[in-house]
Amino acid sequence: MKWCLLTVSIAALLQSSICSGNWEKSSYGVGYELVQSRLDKMQLKLTELVEKIEVLLNQQVSTNKHIKELTTSLVSRSCSQTSTNVTIPTGCVTIRSYFADKYLAVSSNYDSQRRQLALQSNPEQWTLVRESGFYRITRRQGQEDLYAAMGDLAYDAQRRRIFTWIPGFGDNQGKWEIEEAAGFAGMVHIRAGYFGEYLYAADFDNQVFTWIPKGAPGKDSQYLWQIEQC
């Protein structure tokens, strides 16, 4: 575009010089005719050059548009390939940690109202029920809701304990969001709806927590879970 403007400016300047009387025939005689002829040829070449540049610019615009269309198509195709459209089963299910290759299960009593969770080789059976945009995860033996504990029961400043509630109903703390883990076929992320924290498998003692600092799980395998029908 800059070259186009430059050539147009030169042509205009030359034409202006001729028209303004700087090149008068009466003053220069035959020399004027020669200069005029050369200027005419130069102006013609400049005009041709401007036309060629305009053609090249139009081709470049067309190429850029085509590249953009291809890029959009590739991105769309990539997204459709990575999306596995996981169907989340309800009813009797097992919940397996991809990271530990073990199942979410009750381990022992924490107190008279709470049971602790851990990852074990033998699968625990849960009942998964969808309710108004969230899920309830209930231990089938005893009908105890899985829930994320309040801060005073947290493991530490970054890890929140999860329990089953022996009296049964886990109220708002027993609400869970389950979403497809993009890019991981058949896997999901599980998030405590009340706190907005993702459930993850710790790398020590087969422990399970929600991560208090929040943040998206990304591609961290500790946050990956597989829910399967019993």
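A network of salt bridges links Arg115, Glu124, Arg139 and Glu144, a salt bridge being a side-chain nitrogen of Lys or Arg within 4 Å of a carboxyl oxygen of Asp or Glu. The model is predicted, so that local features need pLDDT of at least 70 and side-chain atom pairs count only at pLDDT 80 or more, whereas totals for chains, interfaces and linings use all residues. Residues are numbered from 1 along each chain as its sequence is written, and side-chain values use heavy atoms, with hydrogens and water left out.

Over the whole structure, 12 salt bridges are found. Among them, Arg159 pairs with Asp156 at an N to O distance of 2.6 Å. Arg159 is buried at 19% relative accessibility, while Asp156 is partly exposed at 29%; buried denotes under 20% relative accessible area, exposed over 50%, and partly exposed the range in between (1.4 Å probe, protein chains only). In the salt bridge of Arg136 with Glu131, the closest N and O atoms lie 3.3 Å apart. Here Arg136 is buried at 5% and Glu131 partly exposed at 30%. A further salt bridge joins Arg96 and Asp101 (2.9 Å, N to O); Arg96 is buried at 14%, but Asp101 is exposed at 53%.

Tyr98 lies in the loop between strand E1 (91–97) and strand E2 (102–109), where strands are DSSP runs (E, at least two residues) numbered from the N terminus. Its relative accessibility of 42% makes Tyr98 partly exposed. Beyond residues up to four places away in sequence, Tyr98 touches Met187, Ser221 and Leu224, contact meaning heavy atoms within 4.5 Å. Tyr98 and Met187 are separated by 89 residues in sequence, with a C-alpha to C-alpha distance of 8.1 Å.

Definitions and conventions. Helix = DSSP H or I, 4+ residues; strand = E, 2+ residues; numbered from the N terminus.
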